[in-house]
Amino acid sequence: MSSESKEDAVFKALANGKRRQMLDAIRDAPLTTGALCERFPEMDRCTVMQHLKVLEEAELIIPRREGRERWNHLNALPIQAIHDRWISQYAGHAMTVLSALQADLEG
């Protein structure tokens, strides 16, 4: 998979609010699929699994099987790559513009 299509998969996964909430839920510690189903009672198990599949395809989670349980671990590296490629570059440019504006206002 090319880096561009990996980025597209990450953006697609992050575009959905429920998937972002799932990532928030496993940020501090991995959760089983069953525990995620309990945290999102408005969704049935099949829907939770579909969201987890999208997150897994984007490499945002790493599932690990332990017996009958599937533990979902956060993988923040794709988010860091998006930050490095997109956010940090644009934030730097924005700071330059704001600094110039401030200098103009003060001068």
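Trainee: Is aspartate 24 buried, partly exposed or exposed?
Mentor: Aspartate 24 counts as partly exposed because its relative accessibility is 44%. Buried means under 20% relative accessible area, exposed means over 50%, and partly exposed lies in between, with a 1.4 Å probe and protein chains only.

Trainee: What should I know about the model and the numbering?
Mentor: This is a predicted model: local features need pLDDT of at least 70, side-chain atom pairs count only at pLDDT 80 or more, and totals for chains, interfaces and linings use all residues. Residues are numbered from 1 along each chain as its sequence is written, and side-chain values use heavy atoms, with hydrogens and water left out.

Trainee: Back to aspartate 24. Which residue does it form a salt bridge with?
Mentor: Arginine 27. The closest N and O atoms of the two are 3.3 Å apart. A salt bridge here is a side-chain nitrogen of Lys or Arg within 4 Å of a carboxyl oxygen of Asp or Glu.

Trainee: How many salt bridges by this rule?
Mentor: The count comes to 4. One of them joins glutamate 57 and lysine 53, with the closest N and O atoms 3.9 Å apart.

Trainee: Where do glutamate 57 and lysine 53 lie?
Mentor: Both lie in helix H4. They are 4 residues apart, about one turn of the helix. Glutamate 57 is partly exposed, because its relative accessible area is 45%. Lysine 53 counts as exposed, because its relative accessibility is 52%.

Trainee: And which residue does glutamate 56 meet in a salt bridge?
Mentor: Arginine 70, at 3.4 Å from N to O. That pair links distant parts of the chain: glutamate 56 is in helix H4 and arginine 70 is in strand S3, 14 residues apart.

Trainee: Why does arginine 70 count as buried?
Mentor: Its relative accessible area is 14%, so arginine 70 is buried. Glutamate 56 is partly exposed, because its relative accessibility is 34%.

Trainee: New topic. How many helices and strands are there?
Mentor: The protein has 5 helices and 3 strands. Along the sequence the pattern reads α-α-β-α-α-β-β-α. Helices (H or I, at least four residues) and strands (E, at least two) are DSSP runs, numbered from the N terminus.

Trainee: What order do the strands take in the sheet?
Mentor: S1-S3-S2, in an open sheet with antiparallel pairing. The edge strands are S1 (31-32) and S2 (61-66), each pairing on one side only. Two strands pair if DSSP finds at least two bridges between them.

Trainee: How many bridges join S2 to S3?
Mentor: There are 6, and S3 covers residues 69-74. Take proline 63: its bridge partner in S3 is asparagine 72.

Trainee: Which strands does helix H4 lie across?
Mentor: H4 (residues 45-57) lies across S2 and S3. It runs at about 115 degrees to S2. Axes are lines fitted to C-alpha atoms, for helices over the stretch in contact, and angles run from 0 to 180 degrees between N-to-C directions.

Trainee: Now cysteine 37. Where is it?
Mentor: Cysteine 37 sits in helix H3, residues 33-39. It counts as buried because its relative accessibility is 15%.

Trainee: Which residues is cysteine 37 in contact with, leaving aside neighbours within four places in sequence?
Mentor: Arg45 and Val48. Contact means heavy atoms within 4.5 Å.

Trainee: Last one. How much of the protein counts as buried?
Mentor: Of its 107 residues, 27%. The C-alpha atoms fill a box of roughly 65 × 30 × 20 Å, taken along the principal axes.
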